[in-house]
Amino acid sequence: MKPGLFITFEGADKAGKSTQILQLEKRLLASGRPVLRTREPGGTPLGEELRNLVMQCRKERIADETELLLFAASRAQLLRETIWPALQEGKTVLCDRFADSTTAYQGYARGMDMDFLERLHGFTVDNRWPDLTFLLDLPVEEGFRRLRQVLQETAAPGDRFEEEGRLFHQRVREGFLQVARKFPGRFVVLDAMRPADELSQEIWACVERRWKA
């Protein structure tokens, strides 16, 4: 059996990743292709517990090194328990964030050592990177506007990363764009200000081309 396609979605919070993942899942299922939709951190019982720790903990300050290793632990579990078996079964895996988020957030934004990050990625990912990554690029001010709207509508508290300042999120955005330039064969950069339906059509066209290739 031919291994499935591993597709990840990256970008700022409120860039529309969840919407596009759901749209792509619907199209894949309608075309008869089996799909696994997951996220990281999370995606497994252990991963979800780690996600809650790293995203919501406010009892004490989480050290940058601790934050990094919690993300890596969740990713290692998700790959081995969920993603790799699904790919071997021929499923298309759609993952909301992956190691590129760690590079952008902990590397570029937190300023952690990039050489160490690369070695850590090599250990956790074991050289099985996504086949295709969609980066939904969103201006920082628009991200904050969308976040304010969601918080007003739901009265839900933001997570630790949503509470970071504009400079932090600008470094995250620049980090994602740097990673995309480094791996042009894997990344497709999309303007997240465009209508969601347009983005969905372009994403589907890219996936179909990759399947034919």
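Modeller: Let's start in a loop: Asn127 sits between H5 and S4. Keep in mind that this is a predicted model.

Biologist: What is the phi of Asn127?

Modeller: Positive, about 65 degrees, although Asn127 is not a glycine.

Biologist: And is Asn127 buried or exposed?

Modeller: Asn127 has 66% relative accessibility, so it counts as exposed, the cut-off being over 50%.

Biologist: Which loop has Lys14 in it?

Modeller: The one between S1 and H1. Lys14 is another non-glycine residue with a positive phi, about 70 degrees. Its relative accessibility is 27%, so Lys14 counts as partly exposed.

Biologist: Why flag those phi values at all?

Modeller: Because most residues other than glycine have a negative phi. Most peptide bonds are also trans.

Biologist: On that note, what is the peptide bond from Glu40 to Pro41, cis or trans?

Modeller: That bond is cis, with omega near 0 degrees. Pro41 belongs to the loop that runs between strand S2 (35-39) and helix H2 (45-56).

Biologist: New topic, cavities. How many of 30 Å³ or more does a search of the whole structure find?

Modeller: Two. The largest cavity holds about 150 Å³ of space. It is lined by 13 residues, and Ala12, Asp13, Gly143, Phe144 and His169 are the closest to its centre.

Biologist: Which helices supply at least two residues each to the lining of the largest cavity?

Modeller: Helix H6 (140-154) and H7 do. H6 gives the most, with four residues.

Biologist: What does the lining of the largest cavity look like by class?

Modeller: There are seven nonpolar, two polar and four charged residues in the lining of the largest cavity.

Biologist: And what volume does the second largest cavity have?

Modeller: About 40 Å³. The residues lining the second largest cavity are Gly11, Ala12, Leu135, Leu136, Asp137, Leu138, Arg173, Phe176 and Leu177. S4 and H7 are the elements that give two or more residues to that lining. Its classes come to six nonpolar, one polar and two charged residues.

Biologist: Now pockets. What is the volume of the second largest pocket?

Modeller: About 280 Å³. Its lining has 13 residues, with Thr103, Glu118, His121, Lys182 and Phe183 nearest the centre of the pocket.

Biologist: Which helices supply at least two residues of the lining of the second largest pocket?

Modeller: Helix H4 (99-109), helix H5 (114-125) and helix H7 (166-182). H5 contributes the most to the lining of the second largest pocket, four residues. By class, the lining of the second largest pocket consists of six nonpolar, three polar and four charged residues.

Biologist: On to the packing. Which residues touch the most other members in the largest nonpolar core?

Modeller: Ile7, Leu24, Phe134 and Val207, out of 21 residues in that core. The elements that each supply at least two residues of this core are strand S1 (6-11), helix H1 (17-30), strand S4 (132-137), strand S5 (187-191) and helix H8 (196-212). H8 provides the largest share of this core, five residues.

Biologist: Take Val207. What is it in contact with, leaving aside neighbours within four places in sequence?

Modeller: Val207 contacts Leu5, Ile7, Leu24, Leu28, Leu132 and Phe134.

Biologist: What does the side chain of Glu67 make a polar contact with?

Modeller: The side chain of Arg110, at 2.9 Å.

Biologist: Last one, Gln23. Where does Gln23 lie?

Modeller: Gln23 is in helix H1. Its relative accessibility is 30%, so Gln23 counts as partly exposed.

Biologist: What separates the C-alpha atoms of Gln23 and Phe144?

Modeller: A distance of 24 Å, for two residues that are 121 residues apart along the chain.

How values were computed:
Residues numbered from 1 in each chain as written. Predicted model: local features only at pLDDT ≥ 70, side-chain atom pairs only at ≥ 80, totals over all residues. Heavy atoms only, no water. 1 Å grid on protein atoms, 1.4 Å probe; cavity = no way out; pocket = protein on both sides within 12 Å on 5 of 7 lines; lining within 4 Å. Points joined across faces, edges and corners; volume = space filled by probe spheres on them. Nonpolar A, V, L, I, M, F, W, Y, C, P; charged D, E, K, R; others polar. Core = buried A, V, L, I, M, F, W, Y, C linked by side-chain atoms within 4.5 Å. Buried < 20%, exposed > 50% of the residue type's maximum accessible area, 1.4 Å probe, protein only. Contact = heavy atoms within 4.5 Å. Polar contact = N/O pair within 3.5 Å; in protein donor to acceptor, adjacent residues only side chain to side chain.
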